[in-house]
Amino acid sequence: VADETEKGWFVTYIDRSPEAMERQAKADRKEKMEKDDEERMADFIEQQIKKAKAKDGEDDEGQEKFTELKREENESLKLDIRLEKKFQPDTVLGKSALSKRPASEVEEKVFKKPKSVAGDSQTRSVLDEIIKQEESKKERANRKDYWLHKNIVVKFISKSMGDKFFKQKAVVQDVIDKYQAKIKFLDTGEKLKVDQAHLETVIPALDKPVMVVNGAYRGSEALLRKLDERKYSVSVEILHGPLKGRIVDNVQYEDISKLYGA
């Protein structure tokens, strides 16, 4: 592109090669996706704030309204004040005086939940929703077509080398170019360099450590907590990081694998 200015002619080179156009398109898609996520999060928080304000308004309407105290001129003022006796424990029988009150009154005084419980529950609900949105965002970013990780146990499912290694378990010792791995068979100690297409993940017993090999929590260590054979999925508990202790449900079999030595 050539432009004539007061200082003279200026020529700008613009790369229109397919590779450059593809890079620019990817950058634009990524920027749009991040902007959409931010807008959805802002809209969600704004909706929660409106709901909270609306709820506060309803509470205010349910409260008693007080009017100004007025009296006519020369009219005597009478106040009916009733004072309750100060609570004193019953020391004679060693029991609280609450035992002498009607059961309904005891329940109201002792077991009534504080108003803050509803607010705490609402806050937890909002946080859970935010965490779910973040998980969806990480799922999109961390879902890959390769899943090999070092130090996981896998099963060799190819008959390309006969029946010798078929369905034998091995440990991944190293990952090569994302799609290949150096493995060591657990029974024989023999080593091979294989493609991930010849391997599958291994599901351990309950409460055993696993590696999340794909999806939102890719690369995280977790404990296997539940197995759903009908849905071919599991529930795991994250072991490390800010979300330590979080239970993640509906994780597919192929997204986790047993950790070696566990």
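Strands β3 (153-156) and β4 (169-176) pair in the antiparallel sense over 3 bridges; strands are DSSP runs of E of at least two residues, helices are runs of H or I of at least four residues, and both are numbered from the N terminus. Two strands count as paired if DSSP finds at least two bridges between them. The model is predicted, and local features need pLDDT of at least 70, side-chain atom pairs count only at pLDDT 80 or more, and totals for chains, interfaces and linings use all residues. Residues are numbered from 1 along each chain as its sequence is written, and side-chain values use heavy atoms, with hydrogens and water left out.

**Sheet containing β3 and β4**

- Lys 155 stands opposite Lys 169 in β4.
- The open sheet here has 5 strands in the order β6-β5-β4-β3-β7, with antiparallel pairing.
- Because β6 and β7 (199-201) stand at the edges with a single partner strand each, one side of each is left without a neighbour in the sheet.
- From one strand to the next, the twist averages 45 degrees (axes are lines fitted to C-alpha atoms, for helices over the stretch in contact, and angles run from 0 to 180 degrees between N-to-C directions).

**Sheet containing β8 and β9**

- Strand β8 (residues 209-212) runs antiparallel to β9 and is joined to it by 3 bridges.
- Within this pairing, Val 210 is placed opposite Ala 222 in β9.

**Nonpolar cores**

- A nonpolar core is a set of buried Ala, Val, Leu, Ile, Met, Phe, Trp, Tyr and Cys residues joined through side-chain atoms within 4.5 Å; buried means under 20% relative accessible area, exposed over 50%, and partly exposed in between (1.4 Å probe, protein chains only).
- The largest nonpolar core has 17 residues, and those with the most contacts inside it are Trp 147, Ile 152, Val 154, Phe 156, Ile 183, Phe 185 and Leu 199.
- Two or more residues of this core come from each of β3, β4, β5 (180-185) and β6 (191-195).
- The greatest share is given by β5, with 3 residues.
- Leaving aside neighbours within four places in sequence, Leu 199 is in contact (heavy atoms within 4.5 Å) with Trp 147, Leu 148, Val 154, Lys 155, Phe 156, Ile 157, Ile 183 and Val 194.
- Apart from this core lies another, of 12 residues, including Tyr 217, Val 234, Val 236 and Val 248.
- In soluble globular proteins, nonpolar side chains tend to be buried together.

**Aromatic pairs and charges over rings**

- The whole structure contains 5 aromatic pairs; rings of Phe, Tyr and Trp (its six-membered ring) pair if their centres lie within 6.5 Å, and planes under 30 degrees apart count as stacked, over 60 as edge-to-face and the rest as tilted.
- Tyr 146 and Tyr 179 form an edge-to-face pair, because their ring centres are 5.5 Å apart and their planes are at 75 degrees.
- This pair links distant parts of the chain, 33 residues apart: Tyr 146 is in the loop between α3 (116-142) and β3, and Tyr 179 is in the loop between β4 and β5.
- Tyr 146 counts as buried at 17% relative accessibility, whereas Tyr 179 counts as partly exposed at 33%.
- The pair of Tyr 232 and Tyr 253 is edge-to-face, because the ring centres are 6.0 Å apart and the planes are at 85 degrees.
- Tyr 232 lies in the loop between β9 (221-228) and β10 (233-238) and Tyr 253 in the loop between β11 (247-252) and β12 (256-258), so this pair ties together parts 21 residues apart in sequence.
- Tyr 232 counts as exposed, at 55% relative accessibility.
- One aromatic cluster is formed by Phe 156, Phe 165 and Phe 185.
- The charged end of Lys 138 sits over the ring of Tyr 217, 4.4 Å from its centre (the criterion is NZ of Lys or CZ of Arg within 6 Å of the ring centre and within 35 degrees of the ring normal).
- Lys 159 lies over the face of Phe 166, at 4.9 Å from the ring centre.

- Glu 135 lies in helix α3 and is buried, with a relative accessible area of 16%.
- Beyond neighbours within four places in sequence, Glu 135 is in contact with Ala 216, Tyr 217, Arg 246 and Val 248.
- Asn 250 is in strand β11 and counts as exposed, at 53% relative accessibility.
- Not counting residues up to four places away in sequence, Asn 250 touches Lys 231, Ser 233, Val 234 and Ser 235.
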